[in-house]
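Please read it alongside the sequence and the coordinates.

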Amino acid sequence: MALETELKFSLLPSHNAAFRRLMASHVPGTAPTTTLYSVYYDTPSLALMQQGMGLRLRQVDGHWLQTLKFAEQAGAGLHQRLELEKAVSGPVLELDQITDRKARRFLTQHHIASVLAPLFTTTIRRQCWTLQDGHGNSLEVSLDHGTIEGQGQTLKVNEVEIELKQGQTQALFDLALKLASSLPLTPHPQSKPERGYALYCDVWPLTPSKAQLPTLSATMTPQSEPK
């Protein structure tokens, strides 16, 4: 099981060329571009989402990968999720190949497995650069451009992801600040699957979530902390 740690940023498509030039100044040569087609699955009652799971099939260079991701564990703009990824023979789920026994038991229950169905898809053109920062940290920077489709709706995607492949989490923020000093990168709190679920549930554009009004009293001062 691998731990995926990354930052996500929105970028206007009009800045893509400038972003590529900026990355070329850090990593000589032409960065490879890959088309990623992903299909995300859940039950009609969204049983996986309620368990903090994300299940997808992804086609990359003619091959298919099955990925199971678990609930995020980070905050402050950082996306961090445990994931299980395995090559499969084609565009069909192979739930018996999931190595986490608890997750496999849950997903192979008849009332879950029998109703799993595609909810939304993503089609992304991804260009990647790998950077070494000189402090033992390895980072992968991706420029993603494409669409999320579900329930007859299409949402355009144009964003930058910075993923930590090896080293300290602080390296992500250091690189993000350096890139943001040259281009208008806007932190994006929602992952592509979260936006796909929002399309499926017909709640796009997303409304604020996980926010609660604090309990205030007349005796509190600006320095007081709400209880």
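## Burial and overall dimensions

A residue is called buried here when its relative accessible area is under 20%, exposed when that area is over 50%, and partly exposed in between, with a 1.4 Å probe and protein chains only. On that definition, buried residues make up 43% of the 227 residues in the protein chain. This is a predicted model, in which local features need pLDDT of at least 70 and side-chain atom pairs count only at pLDDT 80 or more, whereas totals for chains, interfaces and linings use all residues. Residues are numbered from 1 along each chain as its sequence is written, and side-chain values use heavy atoms, with hydrogens and water left out.

Taken along the principal axes, the box filled by the C-alpha atoms of the protein chain is roughly 60 × 50 × 35 Å. The accessible surface comes to about 12,900 Å², and carbon and sulfur atoms hold 53% of that surface; such areas come from the Shrake-Rupley method with a 1.4 Å probe, and for residues only the protein chains shown count as cover. Among side chains, 21 are positive and 21 are negative, and the centres of the two sets lie 0 Å apart. In this count Lys and Arg are positive and Asp and Glu negative, while His and the chain ends are not counted; each charge is placed at NZ of Lys, CZ of Arg, CG of Asp or CD of Glu.

## Secondary structure and strand pairing

The protein chain has six helices and nine strands, where helices (H or I, at least four residues) and strands (E, at least two) are DSSP runs numbered from the N terminus.

Two strands are taken to pair if DSSP finds at least two bridges between them. Strand β1 runs antiparallel to β5 (residues 78-88), to which six bridges join it, with glutamate 4 opposite arginine 81 and threonine 5 partnered by glutamine 80. Five bridges, again in an antiparallel arrangement, connect β1 to β8, and two connect β1 to the antiparallel strand β9 (residues 186-187). Phenylalanine 9 takes part in both of these pairings, with valine 160 as its bridge partner in β8 and proline 187 opposite it in β9. Strand β5 is also joined by six bridges to β4 (residues 63-69), which runs antiparallel to it, and one of the pairs there is threonine 67 with glutamate 85.

## Nonpolar cores

A nonpolar core is a set of buried Ala, Val, Leu, Ile, Met, Phe, Trp, Tyr and Cys residues joined through side-chain atoms within 4.5 Å. The largest has 24 residues, and those with the most contacts inside it are Phe19, Trp129, Val141, Val160, Ile162 and Leu179. The elements that contribute two or more residues to this core are β1 (2-10), α1 (16-26), β6 (117-132), β7 (138-150), β8 (153-166) and α5 (170-180), and α5 supplies the largest share, five residues. Another core, of 19 residues, lies apart from it and includes Trp64, Phe70, Leu84 and Ile98.

Which residues does tryptophan 129 contact once its neighbours within four places in sequence are left aside? They are Phe19, Arg20, Met23, Ala24, Val27, Ala31, Leu139, Glu140, Val141 and Leu143. Methionine 23 belongs to helix α1 and counts as buried because its relative accessibility is 1%. Beyond residues up to four places away in sequence, methionine 23 touches Trp129, Leu131, Val141 and Leu179.

Helix α6 (residues 192-200) is mostly covered, with seven of its nine residues buried, namely Lys192, Pro193, Arg195, Gly196, Tyr197, Ala198 and Leu199. These buried residues pack against β2 (33-42), α2 (47-50), β6, β7 and β8. Aspartate 202, which follows α6, has a positive phi, near 60 degrees.

Threonine 34 is located in strand β2. Its C-alpha atom is separated by 7.4 Å from that of valine 60, 26 residues apart along the chain. With neighbours within four places in sequence set aside, threonine 34 is in contact with Val60, Asp61, Ile124, Arg125 and Arg126.

Technical notes
Contact means heavy atoms within 4.5 Å.
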